[in-house]
Every structure is written in C-alpha cells, then in structure tokens.
Amino acid sequence: MNIFTHIRTTILETLHELEESGKIPSGLNTSRLVAEPPRDPSHGDAATNAAMVLSAQAKMKPREFAAILAEELKKLPIVDQVDIAGPGFVNLRLSGSFWMSCLKEILEKGDSFGCSDMGKGQKKNVEFVSANPTGPMHIGHSRGAVFGDALASLLEKAGYEVTREYYINDAGAQVDVLAHSVYLRYQEALGKEIGAIPEGLYPGEYLIPVGRQLAQQDGEKWLDKPQEEWLPYFRRFAIDKMMDMIRDDLSALGIEFDVFSSERSLVESGKVEEVIEFLRAKGLIYEGVLEPPKGKLPDDWEPRPQILFKATQFGDDVDRALKKSNGFQTYFASDMAYHLDKYHRGFCDMIDVWGADHAGYVKRMMAAVNALTDGKAKLDVKLCQMVNLMCNGEPMKMSKRAGRFVTLRDMVDAVGKDVMRFIMLTRKNDAHLDFDVEKVKEQSKDNPVFYVNYAFARACSVRRRAEEMFPESDLSLNALANADFSLLTDESEITLIRRLTDFPRQIEIAASAHEPHRIAYYLNDIASAFHGLWNKGRDNTELRFLEQEKPEISLARLALIEAVAIVIRSGLGIFGVVPAEEM
C-alpha cells in the first residue's frame, strides 16, 4: 500500500462527508489534490494541498477551507495531529497505531509487499542490449543490460505486463565483416597461412573456434567457391554462433529475453519497403538533398538526391534519409519498420535502452514513432553512459580473447553476477559510472553492495539467534505479525518503520520515472537506518533486539527486523540480486 495514496483517499472521503454536512459546497473538482511527504520532515508525516486547490471553487479563503478540513481530519484514528502551514497547506502527523498497522501489513504480505497495481496490466516493451552480433559482450554492454532488465522487473513490480526484447542487427555491413573474419579463421583452421588480420576485420580470438567448427563440419567445401556463394552461409552461421555467445554471456549475468527480433527478417519480408510506401501514402516522403553535416565534411561527402522522411514535422531537427542515392534502404528505415512492428504487436508503450553514443538518434526515432502511429504510441529512450572500468584506481587492461575490450564475462568472473548488477544500478543511467573491481569487494560502508547485503545478513543472524533463544516460540511471519508492536517506542524504531512503509511509493516513483537506481538509493537508506538501530542497541541495553527475560519486546523487535529483511530482499530482487544470509 502506498500510504500517500491511502491518505489521499481518506482526505477525499473526509471532503465528501463535509459536502454532505453542508460545510463545503458539493461538486468540487479534486483532480489536482495530492497527499505527499512534506518538504521538511519536522512538519509531519504527510501534507495535502487540498485547501490550496479547492478553496477558490468553494469561494473561501485557503486558510478558512484548511481550518474546516483540519477539524474533520483530527477525528480520524490514523491522525495524531493536524497543522495548517503557510497560505493553507495541511500537515498531518500520523498516529503510532497507523505505523504499527503498516508494520503488520509488511509481515502479512511478505515478498509481495511493494507490489502495485499502478500499471493495471498495461503492456510495455523494454528493448535493451541489442548489441551487434559480432562478438562477445563487453563491459559497456553490461550497464544497459542490467539497467534494462532491472527496469523491466521494476515495471512488473508496479503492475505492468512487460516484454523484454532484443533486436538483432543482422542486416548491416558489420555482419558481412563478421562473415569475412570467420572465413579467414576457416582458412586458418584448414592450414592456410592468413598472416596478420587485415585492417577492418575482427581480430578477436573468439572467432578461432568458429572457423574450426566450420572446417570440421564442411572440410574444404568453401575454399574455392566465389564470395557470393560462401558469404550468405558464413554470415548466417557466424551470427548464430555469436548470438549463442551473447545469450550465454547474458545468462551469466542473470538475464533472459522473451523475444529476439531480427532486422534481416524485416528486410527480407518486405516490411521495410512497406513502411516507406506507408509514409509515401501519407505524404511524408519526398526526394531531396540533405544539408551537409556540420563541422568538417567527410572526404566522400557530396550532395545527392535521396528519399527523405519529413521528420521535422514531428519534432526532429532535419529530415531523414530512408533510401540512399543508390536505392539501398538506410538503417533508419529498418528501425522505423521495427518500431512499427512492435506497435502492431500491441505495444503502445515502448522503452529503448541505448548507449550514450546514440544520443543523436533519439529525436529522429521519436519522430518516427509519432508519425507511424499517429501519436498513439509512446517511445522513451533511456541512454546509458559509459562505464569507467578500473582496478585500484588504474584503468583495466583489455582482453586478449576479445581483441579490443574487456568482456562482460571477464567482469562476472572477477566480481560475481550480483555485485556487478548492483553496482551498475547505483548511479542514474545517464551519469558516468566508475567501476573499480577491487573497491567493489571492500567490506565498508562506502561499498553499497556490501552495506546493503550486510544489513540483510545481520537481520538473518538475529533470526537465527531468536530461534536458539526462544525454541518453543512460533516465529513464523504470521505469528510475528501479531506481536505487540506498541512496545516499539524508541524514535529510531518508529523512523525505521516509516522508511520501510515508504517502499511501495518508492516503487511507483521509480517505475513512473523509469529510474531503477532510485531503489538502490532507497535500500541504502534502509540499511543505514537498520545499522544505526543495531549500533544503538550495542550502546543501550534497553534497545537490544533480543533479551531472554523479555520475550514480548524481543518478538516485536524481531518482527521489525523481519520487515527489514523482506524489504531488502524484495528490492534486491528487482535488481536480480540474491541477498547474502551470512557474511
């Protein structure tokens, strides 16, 4: 339960009662009424703008309206105190019984606590990774992979029906380069001297076994064949092997996709040409000459007529080419067909996760989706900035196997899946991220992976001690949900309950903004509050979690600690991270 949604509903019910009693006019438009945390926590637990947005309709002064509302809200059992601030804001301080009911709810719901119906089952497509199928995934891909997967999980937690999709760019020049590189390794496997890898081909050692497999499978069949015969075969074989490698890399990171879509299949099925004709029928296509690119001109640039899409009508800076002067379709035309295909599959809400180097492509793609769907579909592009990979503050060396980069698998092997996933989500996606493979292993407060995991492990250790201390007691979640929470009176205990209760709201905020890193921040705050309470109990024996002579308060505190474990486990679950029970 998002408590602020609950409080807003309670305020609306109170307003209805005031209308029925004639204290305020009926028929007020409450659509702009909100209940939210006050900017200054010292002002209370919740604040509402009800008087500010309704007083004019009621033909009252804001503070006059606020006074009537406040008087009624004071009667509610969940409210301890009501204050009017400034021009008419109403601040609420909620009762201890309300917070204890929230703690009970966490224990009763268990791992489903935080789930929201905000999405109401609406379909969302999250397309991420989509790395060119030309080799193993590198560390740069990992950030978008983790971000996209966590975002999908976050949206599912918020009540959306999510499809994880990978778009295989298997129709461009880069896959022909891949095929030529594999053909070279095929020749090498058959004993041919290939010398140094020519400039422009992929030099990585990962292609050696692919060439060997072809040699074992087909022998010398392709050695004397012309390129037009071997190229399609080698291209398909190489793409399949690279996608197997990519799937394996992603699996090591705990990522599985629902759908793999192929660019080549779109081209070969004629869907790209269909898009061009569709736009032509709408009067959005013309033949023209683009302005030269800004800055230094490429040596081979020359003005030439192309088939252009009127992208500027839909918010882009310039119109965009769909066909080159030689008649070949552009990548952009294929991307338009792909997004229209997603729309035809029922996705009116699409999220694309790209690397920051694609920032210049955002406007044209948003213009395309707008034009192709008559504004009925939404596209949100999330750009992931680079990862600065270091070891004790020094740049990491490149991978010999990969040829030119550090692979994703290198990092999973070095630090583990869970550490890698969590660290990738500790910064907003469009901010640069420093990833030091040694520092992420440190056991300190400055390492968020350790800090949050340690809180969970501590909670588990208290649970184990409780089982030893109270062997005859029922310590199930159901039993703990019925503990005497009125014994939890210390301010630090109440503060922790408040923060735990905020989990559903944090889920909804993060899901609405498409920002899973907010959950990492929230979990760090929960860990901090819990560690603080732990340390307070070491200094003050009255606040110890477990005391043999005080079973009732021990059970109440154990219930609070179980709630901490539930929220941390649930939050880390969104990230695909399994919390450590012992450290």
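Strand 2 (residues 46-48) and strand 4 (residues 89-94) are paired in the antiparallel sense, with three bridges between them. Within this pairing, Thr48 has Val90 of strand 4 as its bridge partner. The model that shows this arrangement is a predicted one.

The two strands belong to an open sheet of four strands, ordered 1-2-4-3, in which the pairing is antiparallel. Its edges are strand 1 (35-36) and strand 3 (79-85), each of which pairs on one side only.

## Overall composition

The chain has 583 residues, of which 51% count as buried. Its secondary structure amounts to 20 helices and 15 strands. Taken along the principal axes, the C-alpha atoms fill a box of roughly 90 × 65 × 40 Å.

Among contacts in the chain with a separation of 6 or more, 72% come from residues 24 or more positions apart.

In soluble globular proteins, nonpolar side chains tend to be buried together. In this model, the largest nonpolar core holds 154 residues, and Met420 and Phe435 touch the most other members. Helix 20 (residues 551-574) gives the most to this core, contributing 13 residues. Apart from this core lies another, of 33 residues, which includes Leu284, Phe332, Ala337 and Leu340.

Leaving aside residues up to four places away in sequence, Met420 touches Ile139, Ser142, Leu253, Leu408, Met411, Val412, Val415 and Phe435.

## Packing of helices 5 and 14

Two packed helices are described by the angle between their axes and the distance between the axes. For helix 5 (residues 139-157) and helix 14 (residues 417-424), the angle is about 80° and the axes are 9 Å apart. Because angles of 65 to 115 degrees count as roughly perpendicular, helix 5 is roughly perpendicular to helix 14.

From helix 5, the contact is made by Ile139, Ser142, Arg143, Val146, Asp149 and Ala150. Helix 14 contributes Met420, Arg421 and Met424.

Strands 13 and 14 form a hairpin with two residues between them. In the turn, Asn392 has a positive phi of about 55°.

## Cysteines

The number of disulfides in the model is zero. Cys115 is in no disulfide, and the nearest cysteine sulfur, that of Cys102, is 16 Å away. Cys115 has a relative accessible area of 42% and is therefore partly exposed. Cys384, with a relative accessible area of 7%, is buried because this value is under 20%.

## The loop at Lys120

Lys120 is found in the loop between helix 4 (96-109) and strand 5 (123-127). Its relative accessible area of 71% is over 50%, so Lys120 is exposed. Between Lys120 and Ala67 there are 36 Å in space, C-alpha to C-alpha, and the two are 53 residues apart in sequence.

Key:
Residues numbered from 1 in each chain as written. Predicted model: local features only at pLDDT ≥ 70, side-chain atom pairs only at ≥ 80, totals over all residues. Heavy atoms only, no water. Core = buried A, V, L, I, M, F, W, Y, C linked by side-chain atoms within 4.5 Å. Buried < 20%, exposed > 50% of the residue type's maximum accessible area, 1.4 Å probe, protein only. Contact = heavy atoms within 4.5 Å. Disulfide = S-S within 2.5 Å. Pairing = 2+ DSSP bridges. Axes fitted to C-alpha atoms, helices over the stretch in contact; angles between N-to-C directions. Parallel < 35°, antiparallel > 145°, perpendicular 65-115°, else oblique.
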